[in-house]
Amino acid sequence: MPIHSSVLELIGQTPIVKAQRLDAGVCELYLKLESANPGGSIKDRIGLSMIEAAEKRGDLKPGATLVEGTAGNTGLGLALVAQQKGYKLILVVPDKMSREKIFNLKAMGAEVRLTRSDVAKGHPEYYQDLAKTIAEQTPGAYFVNQFGNPDNPAAHEFGTGPEILEQMDGDLDAIVFGCGSSGTMTGLSRAFATLSPKTELVLADPVGSILAEYINDGVLNDKSGSWLVEGIGEDFLPSISDFSRVKKAYAITDADSFHTARELLGKEGILGGSSTGTLLAAALKYCKEQTTPKKVLVLVCDTGNKYLSKMYNDYWMLDNGFLERPQHGDLRDLILRPYGQRDTVVIGPNDLLTTAYQRMKLYDVSQLPVLDGDQLVGIVDESDVLLHVYGDEARFRDPVATAMVSKLDRLDVKSPIEALLPVFDRGQVAIVMDGDTFLGLITRIDLLNYLRRRVQ
């Protein structure tokens, strides 16, 4: 292997793995690991393509400011290239983007501006419209405009498409992809039209997006829904889009997307992102519909490292109704972290307050039940710790028992849900008991999540 002079030289030439344990029916399913790009996604390709093409045209001067709106990985691809080439980058991102992506972008030097994810194109706070406005108001800025930039699909027409066919020895019956800016779809469509006309193009689309209905029924809906999968799905047709060769589309729910991505990790050892789950779910549906063997390729379009706090987090999945626990018909149904399953984060009375503080920070909780063995003896929260150590920081080394509240209001597990409201009104969390047995805590957000799941 050669030694490279820049991380940008590692973009592309990503490996393909043949699936061994996924149920693809009579088909052979191949996984194109775009997650192996240095920025972790297929969008590294267009980040490099769009910036280098602008340089060749003379649109970018040294030290220029790039501006873009991105709902997913394009921002990371642009940040990687901008960092290596010395450009400033301003990114406008919807507020549903995972924390890992935002941390990653900031660590690479990008300026991140969050905006609303619940508004459609044409609204001033829609991420693309806001990015365009910022570019217009920033002297000397270059608006990358992935949704209208022909250098986006060119990366796939002349790069990704030929690369796939070379790796597959020219033999590919179908390819499954998603559509955000539409660059991947448009570029691959053009590449296969020339190099492999027999290859069927299959679109995977989140439920709520307008694209699957447009492909399957020819209906262009002007009203979209909402979805949690990041980076794919649209509420309009991008100007660079070419859907003419796409004849089949599958609408995939968030739940199917997340569970399929987790299945990919569990069965094939491949850590894919949320949109990868959407694409794989569609690919498996397509494969199971076939009656004759076909070679089908699906893009693993980004790495799941960016979603560890979301779809790979059981608590997030539970909060959002994507994982189910046995229902009991009492307050146990509202306890997110049951003590009996050792999910509750607890502290002992003889542990130090600094340990309690560190545990609250690590698990992002504001209170800890204090247990002596399995016996609940108190509760300690942020206010208790603050009042105890304020004015004498050395008291962080005091035992938890010196600051905890030991006079507790307990709720019997059979109490009605309405009994939670006075507890919350007093600024407390609900301590749920079954006789003398501690079951867990219920917070305001637990109740809100429970009520929201009831209307899904």
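Keep in mind that the model is predicted. A pair of aromatic rings is described by the distance of the centres and the angle of the planes. By the pairing rule used here, the count comes to nine aromatic pairs.

**Two tilted ring pairs**

- Take tryptophan 316 and phenylalanine 322: their ring centres sit 6.0 Å apart with the planes at 35 degrees, so this pair is tilted.
- Are these two residues, tryptophan 316 and phenylalanine 322, buried or exposed? Tryptophan 316 is buried, and phenylalanine 322 is buried too.
- Then there's tyrosine 339 with phenylalanine 438, where the centres are 5.5 Å apart and the planes meet at 45 degrees, so that pair is tilted.

**A cluster, and charges over rings**

- Four residues, Tyr126, Tyr127, Phe147 and Phe236, come together as one aromatic cluster.
- Elsewhere, arginine 337 lies over the face of tyrosine 315, at 4.0 Å from the ring centre.

- Look for an open sheet of four strands in the order 5-4-3-6, paired in parallel.
- Which strands are at the edges? They are strand 5 (111-115) and strand 6 (141-143), and each of them pairs on one side only.
- Going from one strand to the next, the twist averages 20 degrees.
- Strand 3 (residues 65-69) and strand 4 (residues 88-94) run parallel and are joined by five bridges.
- To see how they line up, find leucine 66, whose bridge partner in strand 4 is leucine 89.
- Helix 2 (residues 74-85) lies across strand 3 and strand 4, and runs at about 170 degrees to strand 4.

**A serine with no exposed area**

- Serine 257 is part of helix 8 (residues 254-268).
- How buried is serine 257? Its relative accessible area is 0%, so serine 257 counts as buried.
- What is serine 257 in contact with, leaving aside neighbours within four places in sequence? The contacts are Val229, Ile252, Ser274, Gly277 and Thr278.

Notes:
Residues numbered from 1 in each chain as written. Predicted model: local features only at pLDDT ≥ 70, side-chain atom pairs only at ≥ 80, totals over all residues. Heavy atoms only, no water. Phe/Tyr/Trp six-rings, centres within 6.5 Å; stacked < 30°, edge-to-face > 60°. Buried < 20%, exposed > 50% of the residue type's maximum accessible area, 1.4 Å probe, protein only. Lys NZ or Arg CZ within 6 Å of the ring centre and 35° of its normal. Pairing = 2+ DSSP bridges. Helix = DSSP H or I, 4+ residues; strand = E, 2+ residues; numbered from the N terminus. Axes fitted to C-alpha atoms, helices over the stretch in contact; angles between N-to-C directions. Contact = heavy atoms within 4.5 Å.
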